[in-house]
Amino acid sequence: MCGILGYVGSNNKGVKSVLNGLQHLEYRGYDSAGIAYIEDSKLNIIKETGRISSLVEAVGENHDSNLAIGHTRWATHGIVNKDNAHPHRVGRVTLVHNGIIENYMELKKELQTLGYKFNSKTDSEVACALLDYLLGKTGNINEAVSLFEKKVQGAYALGIIIDGDDNLYAIKKNSPLIIGLGKGENFIASDVPAIVDYTNKYIILEDGDFAKIQSDKVSVYDSKNNIVNRKTRLFEGDALSISKCGYDHFMQKEIYEEPEVIKNTSSAEIPDLSKYNRICIVACGSAMHAGLVGKSLIEKYGNIPVDVEIASEFRYKKLFLDDKTLVIAISQSGETADTLEAVKIAKRYGSDTLGIINVKESSIARETDNVVYTNAGSEIAVATTKAYSAQVEILSKIAYTLAKNEKDSSKLKEIKTYLEDLKSLPIIMQEILDNEEEYKKIAQTIYNQKDIFFIGRGIDYALAMEGSLKLKEISYLHSEAYAAGELKHGTISLVEENTPVIGIVSDKAIADKTISNLKEVDSRGANVIYITTDDIDTNGDFYKTKLVLPQTNPLLQPLVNIIPLQLIAYYVAKYNKCDIDKPRNLAKSVTVE
Ligand code: F6R
């Protein structure tokens, strides 16, 4: 989603630092970008639609500026054009905004009656006008911000420059914002990777905070206008972790990092879950798909009912939560607005909350009662891969922990070597990665098709959903996942000669059932790609391609099976020459509802 970068310093590097920082935020997804900077006491604003490279070209080189703010916009209010792009300027105030001002229409009308005119369709320009009005009324920025916070409903992280003032200002509510602490220069950013080229020290602003930032001093005020000390933190990653290291794309690099991630995450400690009789998982997109894999594993081996709720729906449905229900929020970014809100709701019902989160100290990590970090490192590609796998690994550990408490000997027998199997899993995963020629061949047979189907039963259906999402989001091909037995209840009418149907069959107990469903589509001319495991003895003429994966502990099998699906999606997108790391319309961190 939108990205913010602001700079205040004394070495004239404002323009360069902001443009470079915005490039580090590209992965969040955007459709226009802009910068405002002071040079020779004059404010300049330049905005471009499309890629940051166009903005860099439009701005040109050799600027001397000690105060600058920049923004990447992911359109919400108003189409993608230069007027709607940030920064916005009204009166003395120039600002960049992340989030959504919910009551902006009402505020806009009020401001129009006061004589304000608007050039854009955005809620952000309204915020800018309001701040200008309040600044004129009070003559004091702190007072103006206090009034602003009282009047504005919604989410906002703002980076602000005021005419005739050398400071950089920031306001934060319900949308993430950090302050990077450099030497003789300080920054604001919506995400830590934006500033790692300059500093690894940062402060996380809290809701209601207002900050006045100078080159050598940062003052943070809380919502009651008291000066507060926010903890200085150190970013543990490095610039290398956010570079491609020779891979063509971040997505490819991140898939290849999975064995290492599984190793790093394997030491995660699972808290005591013995008091709960039900689990409710809240998440969005791939994190929700990881939740579905978790549901399958936890119910089967941990013997506890698990509901998986799409976080954006959870907010508006009748809930049956209590103190015996554990609500698990899964999120790579830790900033997904719907998941964050779901956690807040669950707490109001008296349920304990546990986060399975990748980004340390993110909003959901701070909001949940307990956190297990996935330790997948920075994930830059918009489409998640390694973080998804790390989420599944944590869920498999939860299933294992609950299974041990259950002491159901027949189930325990199936998974008893879990800990040793987990240790050897990275080697198996590496073998699968080394087989990439196979996935390329499959991608070659499907990359120019218009509809692609994924089918599976039980846990393989959950994997099919993730495989399908991965494929469609980066290659723009239409793809759908179906429970294997469900296809014939309507959708099979779309299957034509050569329509790809990818069947995932890794549960021996129900393999025959899914194979029958694959035969149904094979006999209608489908290009059946059959992905199975080496313990399932199937031959036959119902597939065009067969991919055999090593069978491992059932709690870990999904981590093996997902790799070919991720790599097939990657190569299909590559053959279609898509912008793999930054698919159109998508954002890495979805901070609006
Ligand atoms: C798909 C993808 C998204 C995210 C979803 C949740 O590849 O990345 O579906 O999984 O937006 O994001 P987080 O995990 O950050 O809450």
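**Exercise 1. Describe the largest pocket: its contributing elements, volume, lining and classes.**

Step 1, elements. β11 (201-204), β15 (232-234), α7 (258-265) and α11 (363-367) each give at least two residues to the lining of the largest pocket. Helices (H or I, at least four residues) and strands (E, at least two) are DSSP runs, numbered from the N terminus. A pocket is defined on a 1 Å grid over the protein atoms alone, as an open set of points with protein on both sides within 12 Å along at least five of seven lines; lining residues have an atom within 4 Å of a point. The model is predicted: local features need pLDDT of at least 70, side-chain atom pairs count only at pLDDT 80 or more, and totals for chains, interfaces and linings use all residues. Residues are numbered from 1 along each chain as its sequence is written, and side-chain values use heavy atoms, with hydrogens and water left out.

Step 2, volume. The largest pocket holds about 920 Å³ of space. A volume is the space filled by probe spheres set on the grid points, which are joined across faces, edges and corners.

Step 3, lining. 43 residues line the largest pocket. Nearest its centre lie F235, N358, V359, K360 and S378.

Step 4, classes. The lining of the largest pocket splits into 14 nonpolar, 14 polar and 15 charged residues. Here Ala, Val, Leu, Ile, Met, Phe, Trp, Tyr, Cys and Pro count as nonpolar, Asp, Glu, Lys and Arg as charged, and the others, Gly among them, as polar.

**Exercise 2. Locate the ligand and list its surroundings.**

Step 1, site. The ligand sits in the second largest pocket (more than half of its atoms lie within 2 Å of the pocket's grid points).

Step 2, elements of the shell. α8 (285-302) and α16 (459-475) give two or more residues to the shell around the ligand. α8 gives the most, with three residues.

Step 3, residues. 13 residues surround the ligand, each with a heavy atom within 4 Å of it. The closest are S331, Q332, S333, T336 and E473. By class, the shell has four nonpolar, seven polar and two charged residues.

Step 4, polar contacts (pairs of N or O atoms within 3.5 Å). A ligand oxygen is 2.5 Å from a side-chain N or O atom of E473. For S286, a polar backbone atom lies 3.1 Å from a ligand oxygen. For A287, the corresponding distance is 3.5 Å.

Step 5, burial. Alone, the ligand exposes 400 Å², and the protein buries 89% of that. Accessible areas come from the Shrake-Rupley method with a 1.4 Å probe.

Note on methods: Polar contact = N/O pair within 3.5 Å; in protein donor to acceptor, adjacent residues only side chain to side chain. 1 Å grid on protein atoms, 1.4 Å probe; cavity = no way out; pocket = protein on both sides within 12 Å on 5 of 7 lines; lining within 4 Å.
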